[in-house]
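User: I would like to go through the labels used for this model and the values behind them. Please set each value against its cut-off.

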Amino acid sequence: MKLQPHRIQQAAVIGAGVMGAAIAAQLANAGIPVTLLDIVLPDNPDRNFLAKQGIQRALKARPAAFMDPARAALITPGNLEDDLKKLGSADWIVEAIIEKLDAKRDLWAKVEPVAKKTAIISSNSSGIPMHLQIEGRSEAFQRRFVGAHFFNPPRYLHLLEVIPTPQTDPEILRAFSSFAEATLGKGIVVANDVPGFVANRIGVYGIVRAMQHMQAAGLTQDEADQLTGPALGRAKSATFRTADLSGLDIIYHVASDLDKATPADEDFSLTDTFRSLVEDKKFLGDKTGSGFYKKTKDEKGKTKILSLNLDTLAYEDRGKVKVAAVETVKGRPLAERVRALYAAEGKEGDFLRGVMNDGFWYAAKMAGHVSDRLQDIDNALKWGFGWEQGPFETMDTLGVQTVIANLEAEGRELPPLLAAMKASGRDAFYAGGETVTPAGEPTPYAAPYFILTDLKKDATKVVKKRAGASVVDLGDGVLLVEWHAKMNALGEDQLRAVQDAHKLVQSMGYAGLVVGNQGENFSAGANLPLILSQAQAEEWDELDDAIKQFQTATTSMRFSPHPCVVAPFGLALGGGCEFSIHADRVVASAETYMGLVEVGVGLIPGGGGTKEMLLRFTDMQQPGQQLGMALLPAVQRAFELIGTAKVSTSALEARKLGFLRDHDTVVMNKNHVLEEAKRAVLDLAPDYVQPVMRQDIPVMGDAAIAAVKSVLYGMKEGGYISPYDHEVSLQLARVLSGGTGNNRAAKVSEQHLLDLEREAFLTLLGKKGTQQRIEHMLKTGKPLRN
């Protein structure tokens, strides 16, 4: 039997609790129809109440479980008494019920007779061994069974642990993994069927050991989180905020279960302090509102984070905690930070080395036990806990032999993997296209998806390089413009790299161009510090020229003699959005947060964004509705979108808002965006015809400005907008109207609208109100309502 990813066309989720409903929502996000079943409540007349409640919970979840609330319509609620036979139409059935072995076994006994004979069967259990669940089931059922452990929330956490049993058909494992990776957008880690699997086994061990080291070093949880957070390349929630998010009781139960199921030398024992917090039942983390930290509000209504004094159990306002070891490495590359922190002195260094060495020793000990591949362990920690590097990658950064020497100096017995590395003298787990097996033997290594940094190791692939951007040969005749500045703010380097690439495409005969990268975000917009400094220095000619260059760069995505595809993900704001909306084609990650947000800093989109959205919404009007007052809905839609700085919460919403068009592509797995963008260029290239700028855009002229002024007057009088909001909005209205002095039947060119944009942008930039807004944004990260 050969199952392809597209063969999983319908799914069923059993259990409509927090996880079950969220898994159903992610399936719906991917366009997969889902049947969601739960038990019948005896005293409730609505027999589908729990399933419906689960859907409503997912719709209300924050962060949002659905990429588009309309996708909830793909979920059909039901119950396990009346609708069990509906499982017969599902290509994949996943269980997310209570964590009790008998309950799961009873469920599978009911599912097997009604399930499709080709359906893949899965459990989302986080701790109950998969092989125990299917005891007594038929051989055919066991061959189609594979664990599928999602991490919460399933939409946002990339990790999916796939756990085969000895009976699982390898073809089922391959087909399901391919489906989950490509269609659901998950990062697949193949885990062995052992307690805790991979991520929780190693991650919870790290939390437990960090608590022990923190108390031994005499640190507070605030200091420990500073040391084990972003400075070390780990999530902002670090260690103890992560415990609050997970629930201290959950950590307690998982650690206690693992302590019973693992050898004594692994030491999952919890400190007396941790146990007392759980036993008190008030300090369970976010679920009780109090844990290691507690959110409160001051007298002005501003949120404050209080820290629990672990001696007195009273909450304290410790302000912004600064740790010397962290302060000294700020702004440095990750590798330099990791090396410096590992070598830090004093109690901070003692704590960090203790935590890191525990993690290194345990990861090496687990190699071959929790998973047969080192990269699966690294990926589990990166995708499940938000680390930038896994434990083996971090050891490579430090030098494996250095780590081994430190472990031996502490009197530790080396796990077999590290003993083999010591004997071989090898100083890295990953090198030269190889990694090592858990026995320390070299083996070929290929990343599961395209990694740009790996391609760039071949220096010939970097065709042109600037400090903030590069032009890279992706192969097959496609060039990539890669931005790699902080937040990928758009300045001279980024724009010149686009010009470089266009010239190279034409002079060297390339097929076309992709604009994209594999950083944290596609682009957060223009370089505001540079713009502000030029405005304050009154360098108006230079700014006018810079805006012209910016418009030339964004519009070149459409008006070049070769196809241009933009590949946004994460934040695509301001100029990042303007580059995207001008592309011949957009290939966007499903998690793309796109918007024209310039009004927040007292500006309007100046790179063609205002022009483009007006043009799009005008073109959506029916023939006969593109003249006079019939155009007003298009103007209003563009005005509302830009004037409220609306940002999409996903690529699906970006399509509804108008930032993406029907022919643009949404890719569920961010790691595949560049590959898909390259494919789109090659699809467009053979028959590509260079577009020309439009000359026939209908505008409303003074009638549009009058209509907008009327609305703005009411909003200003009602206190809905500030005086300076009013001023910015009038400039926006002027561009969307096509300028003053036009009658209702006027038609203008795209260049005319671009010129109006540039004029409005410069006018606003020269005003004190805009400069105050930019200064405030740079200082606080929040908009100023002046």
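User: Why does Asp267 count as partly exposed?

Analyst: The model is predicted, so local features need pLDDT of at least 70 and side-chain atom pairs count only at pLDDT 80 or more, while totals for chains, interfaces and linings use all residues. Residues are numbered from 1 along each chain as its sequence is written, and side-chain values use heavy atoms, leaving out hydrogens and water. Asp267 has 24% relative accessibility. Buried means under 20% relative accessible area, exposed over 50%, and partly exposed in between (1.4 Å probe, protein chains only). Asp267 is therefore partly exposed. Its place is in the loop between helix 10 and helix 11; helices (H or I, at least four residues) and strands (E, at least two) are DSSP runs numbered from the N terminus.

User: What is the phi of Asp267?

Analyst: Asp267 has a positive phi of about 55°, although it is not a glycine. Asp267 is also linked with Arg209, Asp358, Glu410 and Arg412 in a network of salt bridges.

User: What makes the contact of Arg201 with Glu266 a salt bridge?

Analyst: The term requires a side-chain nitrogen of Lys or Arg within 4 Å of a carboxyl oxygen of Asp or Glu. For Arg201 and Glu266 the closest N and O atoms are 3.3 Å apart. Arg201 lies in helix 7 (residues 199–217) and Glu266 in the loop between helix 10 (248–261) and helix 11 (272–280), so the pair ties together parts 65 residues apart in sequence.

User: Why is Arg201 called buried, and why Glu266?

Analyst: Arg201 has 2% relative accessibility and therefore counts as buried. Glu266 counts as buried because its relative accessibility is 2%.

User: Which residue forms a salt bridge with Asp249, and why is Asp249 called buried?

Analyst: Lys287 is the partner, with the closest N and O atoms 3.1 Å apart. Asp249 has a relative accessible area of 15%, so it is buried.

User: Why is Tyr720 called exposed, and which patch is it in?

Analyst: Tyr720 is exposed because its relative accessible area is 62%. With Val711 and Met715, Tyr720 forms a nonpolar surface patch of about 310 Å² accessible area together. Patches are made of residues with over 30% relative accessible area and no salt bridge, like charges being joined within 9 Å and nonpolar side chains (Val, Leu, Ile, Met, Phe, Trp, Tyr) within 5 Å. Accessible areas come from the Shrake-Rupley method with a 1.4 Å probe; for residues, only the protein chains shown count as cover.
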